[in-house]
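My notes follow in the order in which I looked things up.

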Amino acid sequence: MITLIGLGPMGQAMVRVLLENGHGVTVWNRTTARADDVVAAGAVRAATPAEAVAASELVLLSLTDYAAMYDILGKAEDALAGKVIVNLSSDTPEKTREAADWVEARGGQFVAGGVMVPAELVGKAEAYVFYSGPTEVFEKHRETLALIGRPDFLGEDVRLAQLFYQAQLDIFLTSLSVYMHASALVRSAGVPVDKFVPYAKDNFATMSYYLEVAAEQFEKGEHPGDDADVTMMGATADHIVQASRDAGIDVVLPEAVKSHYDRAIAAGHGRSSWTSLFEIIKADRK
């Protein structure tokens with residue numbers, strides 16, 4: 001038996017995958033009607049969070065954030081001893097560390113996770129999930145967790161799953177915003193946005209070309225500017241801001257990008273590669 005608490009689209013998708021693979025699943029959700037469909041499919045409805053936690057050694061959480069964990073499991077503290085809590089909700093790495101301490105102080109074990117696909121892809125070949133926490137605990141349940149998606153275990157530092165999860169979403173959300181901004185720039189001239197789509201697709205596909213070399217330069221702290229230096233790229237960033245102003249569209253995003261180039265130039269990186277912007281972004285910058 002596995003318990004799953006939180007029956008939004010993601011939670012419901014996970015319940016269905018577990019049921020389809022022969023697992024008994026106990027469920028609980030604050031809005032009880034959300035459990036109706038999965039109960040009809042074979043899940044067992046718990047009346048309370050404490051009952052849900054007591055039903056299984058392995059308890060999966062699919063909630064809005066980690067604060068919801070305290071709201072719910074705070075009503076089941078006496079049932080947490082000996083349980084493995086796998087929190088698949090989204091929050092910050094530091095809040096993950098606090099949550100792990102809270103569960104462990106009540107006799108449970110804690111594994112953090114981050115599901116890197118939308119609900120409709122849970123259990124499919126494209127699905128993968130970041131995990132971090134006690135290795136022995138994770139390995140004991142690896143086979144079950146693999147039903148949700150490929151499990152990528154990042155290590156015993158419980159913060160790492162959320163760190164990687166948020167880093168991936170950083171790329172995802174920013175990419176969506178920049179695509180919308182670029183589309184608005186094209187649309188400002190009365191050009192149908194769908195005419196821009198093939199070029200945007202080519203651009204996104206090409207971006208991966210730069211990643212490995214850039215990562216090497218990030219690690220070495222060396223940024224030879226032979227091909228595309230900060231001054232040249234910064235001029236382009238300024239042109240994007242000006243073109244956006246002329247078009248009458250929002251300039252917050254391109255101004256943020258331009259500020260990185262301006263600060264890098266001010267820090268003496270004008271003739272260095274664009275990768276030198278990493279030096280003004282990273283936490284241990286001088």
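**Helix pairs**

I began with α4 and helix α5 (residues 93-105), whose axes come within 10 Å and cross at roughly 20 degrees; axes are lines fitted to C-alpha atoms, for helices over the stretch in contact, and angles run from 0 to 180 degrees between N-to-C directions. That angle makes α4 roughly parallel to α5, given that angles under 35 degrees count as roughly parallel, over 145 as roughly antiparallel, 65 to 115 as roughly perpendicular and the rest as oblique. I noted the crossing of α4 and α5 as left-handed (the near helix is turned anticlockwise from the far one by less than a right angle). On the α4 side the contact is made by Tyr 66, Met 69, Tyr 70 and Leu 73, and on the α5 side by Lys 95, Thr 96, Glu 98, Ala 99, Trp 102 and Val 103, where contact means heavy atoms within 4.5 Å. By class I found seven nonpolar, one polar and two charged residues in this contact; Ala, Val, Leu, Ile, Met, Phe, Trp, Tyr, Cys and Pro count as nonpolar, Asp, Glu, Lys and Arg as charged, and the others, Gly among them, as polar.

The model is predicted: local features need pLDDT of at least 70 and side-chain atom pairs count only at pLDDT 80 or more, while totals for chains, interfaces and linings use all residues. Residues are numbered from 1 along each chain as its sequence is written, and side-chain values use heavy atoms, with hydrogens and water left out.

Next I looked up α10 and α11, whose axes come within 9 Å and cross at roughly 150 degrees. The two helices, α10 and α11, are therefore roughly antiparallel to each other, and α10 passes α11 in a left-handed crossing. The contact of α10 with α11 has nine nonpolar, three polar and four charged residues.

I then turned to the largest pocket, which holds about 2,400 Å³ of space (on a 1 Å grid over the protein atoms alone, a pocket is an open set of points where a 1.4 Å probe fits, with protein on both sides within 12 Å along at least five of seven lines, and lining residues have an atom within 4 Å of a point). Of its 42 lining residues, Thr 174, Ser 175, Met 207, Val 257 and Trp 274 are the closest to the centre. The largest share of this lining, 14 residues, comes from α7, and the lining divides into 30 nonpolar, 10 polar and two charged residues.

For the second largest pocket I noted a volume of about 620 Å³. Among the 30 residues that line it, the closest to its centre are Met 10, Ser 62, Leu 63, Thr 64 and Leu 88. Here too α7 gives the most to the lining, with four residues.

Note on methods. Points joined across faces, edges and corners; volume = space filled by probe spheres on them.
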